[in-house]
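Please keep the sequence and the coordinates at hand while reading.

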Amino acid sequence: AALRLQCAARMYRARRRLLYAVAMAVRAQALVRGFLHRRAAHRQRGERLATLRRHLFALWRRAHTTLKYRSQFWLELDGSGFLHLALHEDEILRLWGTLGWFD
C-alpha cells in the first residue's frame, strides 16, 4: 500500500510539473506571436501612412490648398496610430469632395 501511495504522489508531482511546463511554453509562444503580430501591424500602418501622405500631397497641390493648412495638418498628425490613419483618410475624402471627384 505504501508503494502505491508513493507512486501516486510521484505521478501527481510529475503531472503538475509537466502541466506547468506546458503552460509556460504556451505563454511564451503567445508572447512571441503577439510581438511579431504587433511589429508587422506597425510596419503595415507605416507603409499605409506613407502612401496616404503621398496621395494627400498630390491632392493638396491639385486643390491649391494653402501652405498654412498643410503645415498645421502635418504638425498635428505626426504619429502612426489608427487615429492618424483615419484622419488622413478623412482628409483625402474631404479633398475628393472639394475637387468634385466624390460625393
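## A partly exposed valine

Val 26 counts as partly exposed because its relative accessibility is 47%, where buried means under 20% relative accessible area, exposed over 50% and partly exposed in between, with a 1.4 Å probe and protein chains only. Val 26 lies in helix 1, which covers residues 2–63; helices here are DSSP runs of H or I with at least four residues, strands are runs of E with at least two, and both are numbered from the N terminus.

Together with Leu 18 and Val 22, Val 26 makes a nonpolar surface patch of about 260 Å². Such patches are made of residues with over 30% relative accessible area and no salt bridge, nonpolar side chains (Val, Leu, Ile, Met, Phe, Trp, Tyr) being joined within 5 Å and like charges within 9 Å. A salt bridge is a side-chain nitrogen of Lys or Arg within 4 Å of a carboxyl oxygen of Asp or Glu.

## Basis of the values

The model is predicted, so that local features need pLDDT of at least 70 and side-chain atom pairs count only at pLDDT 80 or more, while totals for chains, interfaces and linings use all residues. Residues are numbered from 1 along each chain as its sequence is written, and side-chain values use heavy atoms, with hydrogens and water left out.

## The nonpolar core

The largest nonpolar core has ten residues, namely Leu 49, Leu 52, Leu 56, Leu 59, Trp 60, Phe 73, Leu 77, Leu 85, Ile 92 and Leu 95; a core is a set of buried Ala, Val, Leu, Ile, Met, Phe, Trp, Tyr and Cys residues joined through side-chain atoms within 4.5 Å. Helix 1 and helix 3 (82–99) each supply at least two residues of this core, and the largest share, five residues, comes from helix 1.

Leaving aside neighbours within four places in sequence, Ile 92 is in contact (heavy atoms within 4.5 Å) with Leu 52, His 55, Leu 56 and Leu 59. His 88, found in helix 3, counts as buried because its relative accessibility is 0%, and, with residues up to four places away again not counted, His 88 touches Leu 49, Leu 52, Arg 53, Leu 56, Phe 73, Trp 74 and Leu 77.

## Overall shape

The protein has three helices and zero strands, and the C-alpha trace spans about 90 × 25 × 15 Å along its principal axes. Of the 103 residues, 17% count as buried.

Conventions. Accessible areas come from the Shrake-Rupley method with a 1.4 Å probe; for residues, only the protein chains shown count as cover.
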